[in-house]
Amino acid sequence: MKTLSQIPKISWSIRLAIIAFWLSFFLLVIVFSYYLPFVLKGKEWTASGVISSAFPWIAWLGLTFLVIRWARCFPFKKGLFKQSLFRHLLLGVVIALMHGMVEYGLIYLWAVIRGCDVNVSVVLLVILIRRLPVSLFVYWMILSATTAYDYYGKYRASELASSQLEAKLAQSQLHALKMQLHPHFLFNTHHSIISLMLHGKTDAAMNMLTRLSDLLRLTLDKTNQQLTSLKEEMDVLDLYLSIQKERFSERLEIHMNVNPELMNAEIPYLLLQPLVENALKHGVDDLVTGGEVTISAKREEDSLYLSVKDNGLGMLAEETEENGIGLQNTKIRLERLY
């Protein structure tokens, strides 16, 4: 059993919907059970007759809110189903008797206003015999509707919480994956700088360090960013490739086939860099001369196709299966984002 403070309040939209329902039902009862039968039979209808026929349903306008409150106070939960069922069987009878008393009170009040006599015994007997079953049925209809509505609300809330949790998990995984790229990229670039210095190419090493600082400034400013425009991605890639040009010198030629109209397209941040890095490491690195890397972007209907190609020998089958950090990272990021 819930305390009064734990029972969800009925929203104003639900209150208005309940009032609109019973007023509509009230009008339908008047039209179909009183007005039309009298008109079709050619009899004269009276306002008092209309009001009397509507008395049984007027009472439900207020009792509905009480039934909803009891439905939420004694919900049908696992482990409490029998207790709740027993309580609602008793409460259903209580509501039915209350409805009968309210109906009788309205009838008696209307009779007093009109100056008519009321046979109390007959009226009570009619209410108990004819109205009690109907009142019980209405009680269980309201109870069932409230229970179904509340369970649907809990289901939607649970579904929303689950989707939000999945989104947070995916964001955390994406952040961790993107953070892998920085040390991986730094290690490889650091290795290239050391290699240039060992071969006496200090000017090239200094140029590479300068461009590396520019690249780090650009990438670290976007630590929490998962998506970027193709233009910003190409700007980062240009800096990275300028570093690699210092390393490969005449052995590397870069071709860019990117339609300027696609520059505003949204793609995962640092998507192309690890692919270009693989092309250099597993393609151009083994070539003595004539290394080429082609970066392309094209649109087909609503899809953006990005490709990185090199003219090297490529990776062996077992190397492709192992992939390394670059390709594994790219695949997982794409799965999480899309």
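**Colleague's note: helices, turns and an aromatic cluster**

1. Let me start with helix α7, where Leu230, Glu233, Met234, Val236, Leu237, Tyr240, Leu241, Ser242, Ile243, Gln244 and Phe248 are buried (under 20% relative accessible area; exposed is over 50%, partly exposed in between, with a 1.4 Å probe and protein chains only). Helices here are DSSP runs of H or I with at least four residues, strands are runs of E with at least two, and both are numbered from the N terminus. Please keep in mind that this is a predicted model, in which local features need pLDDT of at least 70 and side-chain atom pairs pLDDT 80 or more, while totals for chains, interfaces and linings use all residues. Residues are numbered from 1 along each chain as its sequence is written, and side-chain values use heavy atoms, without hydrogens and water.

2. How far does α7 reach from its first C-alpha to its last? The helix covers residues 230–248, and its 19 residues reach 25 Å, close to the 27 Å expected (1.5 Å times one less than the number of residues).

3. Pro268 belongs to strand β3, residues 266–268, and is buried at a relative accessible area of 4%. Leu252 sits in strand β2, residues 252–258, and counts as buried at 3% relative accessibility. Between the C-alpha atoms of Leu252 and Leu241 there are 9.7 Å, for a pair eleven residues apart along the chain.

4. Most residues other than glycine have a negative phi. Glu301 is not a glycine, yet its phi is positive, about 60 degrees. You will find Glu301 in the loop between β4 (291–300) and β5 (303–310). Is Glu301 buried or exposed? With 72% relative accessibility, Glu301 counts as exposed.

5. Strand β5 also holds Lys309, which is exposed with a relative accessible area of 56%. Lys309 and Gly283 lie 26 residues apart in sequence, and their C-alpha atoms are 9.0 Å apart in space.

6. Next, the rings: six aromatic pairs turn up in a search of the whole structure (ring centres of Phe, Tyr or the six-membered ring of Trp within 6.5 Å; planes under 30 degrees apart are stacked, over 60 edge-to-face, the rest tilted). Phe21 and Trp22 are edge-to-face, because their planes meet at 75 degrees, with ring centres 5.1 Å apart. Phe21 is partly exposed at 48% relative accessible area, whereas Trp22 is buried at 7%.

7. Phe21 has another partner. With Phe25 it makes a stacked pair, 6.1 Å centre to centre and 25 degrees between the planes. Why are Phe21 and Phe25 separated by about one helical turn? They are four residues apart in helix α1, residues 12–40, so about one turn lies between them. Phe25 is partly exposed, with a relative accessible area of 29%. Phe21, Trp22, Phe25 and Trp60 together form one aromatic cluster.

8. Trp60 leads us to α3. This helix has 14 residues, which should span 20 Å at 1.5 Å a residue, and the 19 Å between its end C-alpha atoms agrees. Trp60, Leu63, Thr64, Val67, Ile68, Trp70, Ala71, Arg72 and Cys73 are buried in α3.

9. Finally, the largest pocket has 17 lining residues, of which Phe21, Thr64, Met141, Ile142 and Ala145 lie nearest its centre. The elements giving two or more residues to this lining are α1, α3 (60–73) and α5 (120–198), and α5 contributes the largest share, seven residues. A pocket here is an open set of points on a 1 Å grid over the protein atoms alone where a 1.4 Å probe fits, with protein on both sides within 12 Å along at least five of seven lines; lining residues have an atom within 4 Å of a point.
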